[in-house]
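Welcome! Please take a look at the structure below, and then let us walk through some of its features together.

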Amino acid sequence: MANERWSVLALAHPRSPWCAALGRWSTSAAIPVELVRCVSATEVRARLASGVRSSALVVDAGVVGLDRDLVDAAREVGCTTLVVEDHTVSRDLASLGAAGSLPGDFGRDDLLAILSAHAAPVAAGGELPGPVAAASSEPGGDGRLVAVCGPGGTGSSVVAMALTQRLAAGTGPGSVVLADLALHADLAMLCGAGDVMPALPELVEAFRHTTPTDAEIRDVTFAVDAANHDLLLGLRRHRDWAALRPRAVSAAVGGLRRAYGWVVADTDADVEGEAECGSVEVEERNVLARSAVLAADAVVVVGGADTKGVHALVRCVAELAGAGVAADRIVPVCNRAPRSPRQRAEVTAAVGSLTRAVGGGLCAPVFLPDKRSVEAALRDGARLPTAIGDPVHRAVEAVIARAASTPTGTDEPVPIAAGSLGAWADVG
């Protein structure tokens, strides 16, 4: 097209030769490009979020702020990221989601060719096309992910440990990992870990700039020899959540699923996001829990069997459903449950009645006995009682099997209530 032109954001080091050349070409109309120079990644994010869409972001490979989140933020608004290679920096640009790369001494024809191939030009009327759909660059795998959460003090971390031990008992070494994704990370203490790093922050930071291999992911975990599984330690301090980038966290969870057959994530039950409370900061604080439960094949919610415990359990189930977790993926668990069948039936009826608004598919609560040997096992670093892990394992397997057997197509017949279609119009 004769009127074809592109709007380009540029982020480079000060006095970068390619950025200066790009500015001269744009100013002299040697290329059909409208150039906007940015001095930082923060300015790039602000321009991307301003509503004035750009065709492409041309960024120096060694510039501060180039990471998975910046590339995804550009892709979400239909802006293609092109990286200018830097011989002093070795990075896997494709794993970050960059559409292409340019040599440091690229010419006008090189730039126009890659813009024509990957970027959407500005329309003749001055309007840019809307956001384009693009495949996610986040790595993933076939491994199963089970998130375990619950109100504080209900024993969700112990249930996560017991489930991990049960899963590891039926697999080979290195097939199961227990990941601490809670803001107050306690698994290092509960599992008797002697070190505090490497841990979750190091794994997330690695995924922020590249895609680690399976071996590199396993190097961040510790082997729990007594239980035949690996352990990913969590945050060293609660406030460390501020350094986690959302897309890097999602990519790290996907990387764990690629490296392991089973991933059990011990996380929080607080999953509020911007849509629920209007605060992006709250959503970023809850990014660990949200990344785990929204991607999980099954979500185990642990609560108590008393009045307060049932109330808290139902509240957590409702909040998960509100965040987008399907009811048929939720496994409610009542820890330290009474032995009486009558009392258990009452709890089951109460949970079923109070979660009716969540939707169909929620399975009946799983009851775990009150085992006094749990404290001794934690203190001595021994295996937890099988009476805790086995019932949860059976329920999780049933939920996953039911999801696998449920048709996902849209051609299934849908029942129609009598009278809902109205009546035939009179003829003649």
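## A cis peptide bond

Before we start, please keep in mind that this is a predicted model. Our first stop is the loop between α7 (187-190) and α8 (200-209), which is the place of P198. The peptide bond that leads from M197 to P198 is cis, and its omega is near 5°. As background, most peptide bonds are trans.

## Two residues with positive phi

Most residues other than glycine have a negative phi. With that in mind, have a look at R15, which is not a glycine and yet has a positive phi of about 60°. You can find R15 in the loop between β1 (6-11) and α1 (17-27). Its relative accessibility is 79%, so R15 counts as exposed, the cut-off for that class being over 50%.

## Where two helices pack

Two packed helices are described by the angle between their axes and the distance between the axes. Here, helix α10 (residues 246-259) packs with helix α13 (residues 287-295) at an angle of about 45°, and their axes are 10 Å apart. That angle makes α10 oblique to α13. The crossing in which α10 passes α13 is right-handed.

Which residues of α10 and α13 make the contact? On the α10 side they are P246, V249, S250, V253 and R257, while α13 brings V287, L288, S291 and A295. Sorted by class, this contact of α10 with α13 has six nonpolar residues, two polar ones and one charged one.

## The nonpolar cores

In soluble globular proteins, nonpolar side chains tend to be buried together. In this model, the largest nonpolar core has 51 residues, and those that touch the most other members are L288, V301 and L320. L288 also belongs to the contact between α10 and α13 described above.

What is V301 in contact with, leaving aside its neighbours within four places in sequence? The partners of V301 are C149, L313, C316, V317, L320, I330, V331, P332 and V333. There is also a second, separate core, which has 39 residues. Among its members are A162, A199, V302 and V396.

Notes: Residues are numbered from 1 along each chain as its sequence is written. This is a predicted model: local features need pLDDT of at least 70, side-chain atom pairs count only at pLDDT 80 or more; totals for chains, interfaces and linings use all residues. Side-chain values use heavy atoms; hydrogens and water are left out. Helices (H or I, at least four residues) and strands (E, at least two) are DSSP runs, numbered from the N terminus. Buried means under 20% relative accessible area, exposed over 50%, partly exposed in between (1.4 Å probe, protein chains only). Axes are lines fitted to C-alpha atoms, for helices over the stretch in contact, and angles run from 0 to 180 degrees between N-to-C directions. Angles under 35 degrees count as roughly parallel, over 145 as roughly antiparallel, 65 to 115 as roughly perpendicular and the rest as oblique. A crossing is left-handed if the near helix is turned anticlockwise from the far one by less than a right angle, and right-handed if clockwise. Contact means heavy atoms within 4.5 Å. Ala, Val, Leu, Ile, Met, Phe, Trp, Tyr, Cys and Pro count as nonpolar, Asp, Glu, Lys and Arg as charged, and the others, Gly among them, as polar. A nonpolar core is a set of buried Ala, Val, Leu, Ile, Met, Phe, Trp, Tyr and Cys residues joined through side-chain atoms within 4.5 Å.
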